[in-house]
Amino acid sequence: MLNFELIGERFSELRKRSGFTQTQLSEYLDVDQSYISKCEKNERQFSADVLEKAAELFGCTMDYFVNESCEFVQIPIALRAKNITTEDLDTIAAMNKIALNLRFMEDLLEGE
């Protein structure tokens, strides 16, 4: 059974750690800002599509949201923009997706 409280807490933690507002993420995720607020407070549940897109942006796996024992090592990104657009967030998500895939492939190679 999914722990929706954990999902909301981890989403909120990652959002704040990344320096994004609920409004910025709502525009990127194409949802209402109140949806994010309610999900972070465990008043609603995030959809799988929203969590998947958020995981790409934050540079984490989906497992991090649902598995309490899963650890997260943030991919360092230097961002100096004052006004971040949805297109900027798309670019960050694409870079994180590449970095996560690279990390996954390196882990696979270590096992050989």
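I started with Arg 10, which has its place in helix H1. Helices here are DSSP runs of H or I with at least four residues, numbered from the N terminus. This is a predicted model, so I kept to its limits: local features need pLDDT of at least 70, side-chain atom pairs count only at pLDDT 80 or more, and totals for chains, interfaces and linings use all residues. Residues are numbered from 1 along each chain as its sequence is written, and side-chain values use heavy atoms, with hydrogens and water left out.

What does Arg 10 pair with, if it has no salt bridge? I found that Arg 10 is buried (under 20% relative accessible area; exposed is over 50%, partly exposed in between, 1.4 Å probe, protein chains only). The nearest side chain of opposite charge is Glu 13, 4.8 Å away. Lys and Arg count as positive here and Asp and Glu as negative, with His and the chain ends not counted. A salt bridge would need a side-chain nitrogen of Lys or Arg within 4 Å of a carboxyl oxygen of Asp or Glu. Instead, a polar atom of the Arg 10 side chain lies 3.0 Å from the backbone oxygen of Glu 68. Leaving aside neighbours within four places in sequence, I listed Tyr 64, Phe 65, Asn 67, Glu 68 and Cys 70 as contacts of Arg 10 (heavy atoms within 4.5 Å).

**Helix H1**

I checked the length next. H1 covers residues 4-18, and at 1.5 Å a residue its 15 residues should span 21 Å; the end C-alpha atoms are 21 Å apart, so the two agree. The expected span is 1.5 Å times one less than the number of residues.

At the N-terminal end, Asn 3 is the cap, with a side-chain oxygen 3.1 Å from the backbone nitrogen of Glu 5. Just after H1, Gly 19 takes a positive phi of about 80 degrees.

The buried residues of H1 include Leu 6, Ile 7, Phe 11 and Leu 14. Among what covers the buried residues of H1 I noted H2 (22-29), H3 (33-40), H4 (48-58) and H5 (62-66).

**The core**

Which residues touch the most other members of the largest nonpolar core? Of its 26 residues, they are Phe 11, Phe 58 and Phe 65. Such a core is a set of buried Ala, Val, Leu, Ile, Met, Phe, Trp, Tyr and Cys residues joined through side-chain atoms within 4.5 Å. H1, H2, H3, H4, H5 and helix H6 (86-110) each give two or more residues to this core, and H4 gives the most, with six. Beyond four places in sequence, the contacts of Phe 65 include Leu 6, Phe 11, Leu 51 and Phe 58.

**Salt bridges**

How many salt bridges does the structure hold? I count three.

- Arg 17 and Glu 13 meet at 2.2 Å, N to O. They are four residues apart in H1, so about one helical turn separates them. Arg 17 is partly exposed at 41%, and so is Glu 13 at 31%.
- Arg 15 and Glu 40 have their closest N and O atoms 2.7 Å apart. This pair links distant parts of the chain, H1 and H3, 25 residues apart. Arg 15 is buried at 8%, and Glu 40 is buried at 14%.
- Lys 97 and Glu 56 meet at 3.5 Å, N to O. This pair links H6 and H4, 41 residues apart. Lys 97 is partly exposed at 42%, as is Glu 56 at 23%.

Technical notes
Polar contact = N/O pair within 3.5 Å; in protein donor to acceptor, adjacent residues only side chain to side chain.
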